[in-house]
Number of protein chains: 2
Amino acid sequence: MLYLISLGLSDENDLSLKGLEAGKKCEKLYLEKYTNILNTTPEKLEKLFGKKVEEVERKNLEEDSGRLVEEARKKDIGILVSGDALAATTHLSLVAECRKSGVECRIIHSSSILTGVGECGLSLYKFGETITIPFWEENYKPAGFYETILKNKKAGLHTLILLDTKKGGMSVKEALEILEGIDKEGLLKDKLLALSGVGSEDQRILFGTVEEIKGKEWGKPAVLIVPGKLNEFEREFLEKGN
Amino acid sequence: MLYLISLGLSDENDLSLKGLEAGKKCEKLYLEKYTNILNTTPEKLEKLFGKKVEEVERKNLEEDSGRLVEEARKKDIGILVSGDALAATTHLSLVAECRKSGVECRIIHSSSILTGVGECGLSLYKFGETITIPFWEENYKPAGFYETILKNKKAGLHTLILLDTKKGGMSVKEALEILEGIDKEGLLKDKLLALSGVGSEDQRILFGTVEEIKGKEWGKPAVLIVPGKLNEFEREFLEKGN
């Protein structure tokens, strides 16, 4: 059996009782740190589960998934993933591979940034497509996500903007600079939201202008939200501050 | 302090370690069963937290929230909520009320149907606005949600359809009959998804025609999904079945 064990939103105590039990039962535990920024340490996880936790690279997870699936055929193994395991498509591929190979796979869910952002006061039902801003490189400057924000905005929907998790995670400032460079429709003239440390004691949320957001310190991981049409409750909640 | 303690997706073991600790610390625990269908029993929760759990009606939560907030000013109280507490706006109103009254409020997150539906293989990033189908009454037959499904579909986005939680929860069959009665654009000619017991041992998922879905037994709570544009991975995952 292959268990995908979600660690949850902010630290190792967001793990569910079910996840703890599954992890303790597994003969081998792997930690996947690539699709999300880990808010705990491998040491804390080893203490929690009472066993060694081996770090696995994304490359291994994607290129070497056959080995993991074969290992899961012989014994119970668990892969620990920050947030909810199914918020990243990499893990769905692993589920598909298990299925093809006839190996049992079970997902243990936990809290995710996709619902944790409800802390800001916006209705979770009114979000449109979620986007990710990737780091730009000399010859790689994708900007298709901007059209998605516009499309959501025109439909009155909020856009959750995730930030690249590479290089320790993109900062709020870096993300805003990329957005400012392509904002031909003037989306950033309106206030937007920045959130970091969602669900933790250090949670920070600000509904403000780009300049106000840039002037504040943000932890990692952080996300941005471009609000769509606000109802009265949402507007009041945002304006009163967090 | 008022704790909103999310119980998670499928049973009491989806509670997080953080939620368990907070609940044990609270002097008084309430259980809110209205915005979601409880997948456990008050008795199991009392055993887990080692104290009495008092059931609270939605009416009490909404009309009598002032009393709860005042109680939370004097001592630590917790409100237990199925799924993630912020997936229902009722709970955000309570957060707003705490804030207005200067009473501390903390949300302990857990897994939610909003992310749990990732089990079907659709990308969670590609969902549009979420809708709920309410029970129809003689003089109350709202159908605005149909336009939302159409709008999502035209934008290529998937629509998560939640079902009314009143009267023990709307069945998949009841929901499909309402949809069939208003489906002037022929959305239901294409296959759609039904899911029940997401995250539990009894999880059922079917990608099929309305007739195929109606012909199967479904637990409660259940949800439907009208898929938008499918990418190759999604199509293959859906076609291979769950």
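This is a predicted model: local features need pLDDT of at least 70, side-chain atom pairs count only at pLDDT 80 or more; totals for chains, interfaces and linings use all residues.
Reader: Which residues make the contact of α4(A) with α5(A)?

Author: On α4(A) they are Ser65(A), Gly66(A), Val69(A) and Arg73(A). On α5(A) they are Leu94(A), Glu97(A), Cys98(A) and Ser101(A). By class, this contact has 3 nonpolar, 3 polar and 2 charged residues.

Reader: Why are α7(B) and α8(B) called roughly perpendicular?

Author: Helix α7 (residues 144-154) and helix α8 (residues 172-182), both of chain B, have axes that cross at roughly 80 degrees. The range for roughly perpendicular is 65 to 115, so the term applies to α7(B) and α8(B). Their axes come within 10 Å.

Reader: Which residues of α7(B) and α8(B) meet, and how do they divide by class?

Author: Phe145(B), Tyr146(B) and Ile149(B) of α7(B) meet Ile178(B), Leu179(B) and Ile182(B) of α8(B). The division is 6 nonpolar, no polar and no charged.

Reader: What makes α10(A) oblique to α5(B)?

Author: This pair joins helix α10 (residues 232-239) of chain A and helix α5 (residues 89-101) of chain B, with axes crossing at roughly 40 degrees and coming within 11 Å. Roughly parallel needs an angle under 35 degrees, and roughly perpendicular starts at 65. The value lies between those limits, so α10(A) is oblique to α5(B). The handedness of this crossing is left-handed.

Reader: Which residues make that contact, and how do they divide by class?

Author: Phe233(A), Glu236(A) and Phe237(A) come from α10(A). From α5(B) come Leu92(B), Ser93(B), Val95(B), Ala96(B), Arg99(B) and Lys100(B). The contact of α10(A) with α5(B) has 5 nonpolar, 1 polar and 3 charged residues.

Reader: How many residues are in contact between chain A and chain B, and what area do the chains bury?

Author: In chain A, 57 residues are in contact with 57 residues of chain B. About 4,400 Å² is buried between the two chains, 58% of it on carbon and sulfur atoms. Leu17(A), Arg99(A) and Tyr125(A) supply 17% of the area that chain A buries against chain B, more than any other three residues.

Reader: How do you know that Lys18(B) and Asp14(A) meet in a salt bridge?

Author: The side chains of Lys18(B) and Asp14(A) have an N to O distance of 3.2 Å. A salt bridge requires a side-chain nitrogen of Lys or Arg within 4 Å of a carboxyl oxygen of Asp or Glu. The pair therefore meets the rule.

Reader: What makes Lys33(A) and Glu55(A) a link between distant parts of the chain?

Author: Their side chains meet in a salt bridge, at 3.2 Å from N to O. Lys33(A) is in the loop between β2 (28-32) and α2 (42-49) of chain A, Glu55(A) is in strand β3 (residues 53-56) of chain A, and the two are 22 residues apart.

Reader: Why single out backbone angles at all?

Author: Most residues other than glycine have a negative phi, and most peptide bonds are trans. Lys167(A) is not a glycine, yet it has a positive phi of about 50 degrees. Lys167(A) lies in the loop between β7 (159-163) and α8 (172-182) of chain A.

Reader: Which peptide bonds are cis, with omega near 0 degrees?

Author: Among them are the bond from Lys220(A) to Pro221(A) and the bond from Lys220(B) to Pro221(B). Pro221(A) is in the loop between α9 (210-214) and β10 (222-226) of chain A. Pro221(B) is in the loop between α9 (210-214) and β10 (222-226) of chain B.

Technical notes:
Residues are numbered from 1 along each chain as its sequence is written. Chains are lettered from A and ligands numbered from 1 in the order in which they are written. Side-chain values use heavy atoms; hydrogens and water are left out. Contact means heavy atoms within 4.5 Å. Helices (H or I, at least four residues) and strands (E, at least two) are DSSP runs, numbered from the N terminus. Ala, Val, Leu, Ile, Met, Phe, Trp, Tyr, Cys and Pro count as nonpolar, Asp, Glu, Lys and Arg as charged, and the others, Gly among them, as polar. Buried area is the accessible area (1.4 Å probe) that two parts lose on being put together, summed over both. Axes are lines fitted to C-alpha atoms, for helices over the stretch in contact, and angles run from 0 to 180 degrees between N-to-C directions. Angles under 35 degrees count as roughly parallel, over 145 as roughly antiparallel, 65 to 115 as roughly perpendicular and the rest as oblique. A crossing is left-handed if the near helix is turned anticlockwise from the far one by less than a right angle, and right-handed if clockwise.
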